[in-house]
Amino acid sequence: MYLYVEQWNVTKDWMDLSKEDRRAYMNKVKDAIDKMSGAGVENVGWAMNDEHTPYRSDYRYFAIWKLPNLEAVEQFEDGIEEAHWHKYFSQVNTRGKLIPLNEAMDFLVNLEKHSTSILD
């Protein structure tokens, strides 16, 4: 199982679209999400970044996904590219294989000074 976090802001191209064009685009996105759910992709949720969040990122919107495997992750990313999402949204992503809390904590505790990754 993989977790995937998308964070984004709208671009000028998005703001230049009419509301009707924005709705049409989002309807296509929703159709694609509905199809992905049949392949085991779960949208955990979408949210707006609370302006009072401590250490807040500079991205206003975010979505969290659970995907069954790396192949599904790569298909998900391909779908985002095919939808030309990045034309309308300036985005950063975070993805990784879901690991148990204790294992994640052990990685952090056992890091060596030369390590640059949680997986080292």
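Before anything else, my working cut-offs: buried means under 20% relative accessible area, exposed means over 50%, and partly exposed is what falls in between. I also kept in mind that this is a predicted model.

**Entry 1: Arg95 and its partner**

I started with Arg95. At 41% relative accessibility, Arg95 counts as partly exposed because that value falls in the middle class. Its side chain meets the side chain of Glu77 in a salt bridge, 2.8 Å from N to O. I checked where the two sit: Arg95 is in strand β4 and Glu77 in helix α3, so the pair ties together parts that are 18 residues apart in sequence. Glu77 is partly exposed too, with a relative accessible area of 22%.

**Entry 2: the other salt bridges I looked up**

How many salt bridges does the structure hold? I get 4.

I went to Glu42 next, which forms one with Lys66; the closest N and O atoms are 4.0 Å apart. Glu42 belongs to strand β2 (residues 42–48) and Lys66 to strand β3, so this pair ties together parts that are 24 residues apart in sequence. Glu42 comes out partly exposed at 40%, and Lys66 is partly exposed at 28%.

Asp34 is partly exposed at 41% relative accessibility, and Lys30 is partly exposed at 48%.

**Entry 3: an arginine without a bridge**

Still in helix α2 (residues 19–37), I stopped at Arg22. Is Arg22 buried or exposed? It is buried, yet it has no salt bridge. I looked for the nearest side chain of opposite charge and found Asp16, 7.3 Å away. A salt bridge needs a side-chain nitrogen of Lys or Arg within 4 Å of a carboxyl oxygen. Leaving out residues up to four places away in sequence, Arg22 touches Trp14, Met15 and Leu17.

**Entry 4: helix α3**

I ran the length check on α3: 13 residues, reaching 18 Å from the first C-alpha to the last, close to the 18 Å expected at 1.5 Å a residue. Which residues of α3 are buried? Ala72, Val73, Phe76 and Ile80. They cover an arc of only 105° around the axis, which puts them on the same side of α3. On the face turned away from that buried side I found the exposed residues Glu71 and Glu82. I then listed what the buried residues of α3 pack against: β1, α2, β3, α4 and β4 (89–97).

**Entry 5: the core**

The largest nonpolar core has 19 residues, and Tyr25, Trp65, Leu67, Trp85 and Phe89 touch the most other members. I asked which elements supply it: β1 (2–10), α2, β3 (61–67), α3 (70–82) and α4 (85–88) each give at least two residues. The largest share, 4 residues, comes from α3.

I finished on Leu67. Not counting residues up to four places away in sequence, Leu67 touches Met1, Tyr2, Tyr4, Gly40, Val41, Ala72, Val73 and Phe76.

Note on methods:
Residues are numbered from 1 along each chain as its sequence is written. This is a predicted model: local features need pLDDT of at least 70, side-chain atom pairs count only at pLDDT 80 or more; totals for chains, interfaces and linings use all residues. Side-chain values use heavy atoms; hydrogens and water are left out. Buried means under 20% relative accessible area, exposed over 50%, partly exposed in between (1.4 Å probe, protein chains only). Lys and Arg count as positive and Asp and Glu as negative; His and the chain ends are not counted. Contact means heavy atoms within 4.5 Å. A nonpolar core is a set of buried Ala, Val, Leu, Ile, Met, Phe, Trp, Tyr and Cys residues joined through side-chain atoms within 4.5 Å. The expected span of a helix is 1.5 Å times one less than its number of residues. The arc is that of the directions from the helix axis to the C-beta atoms.
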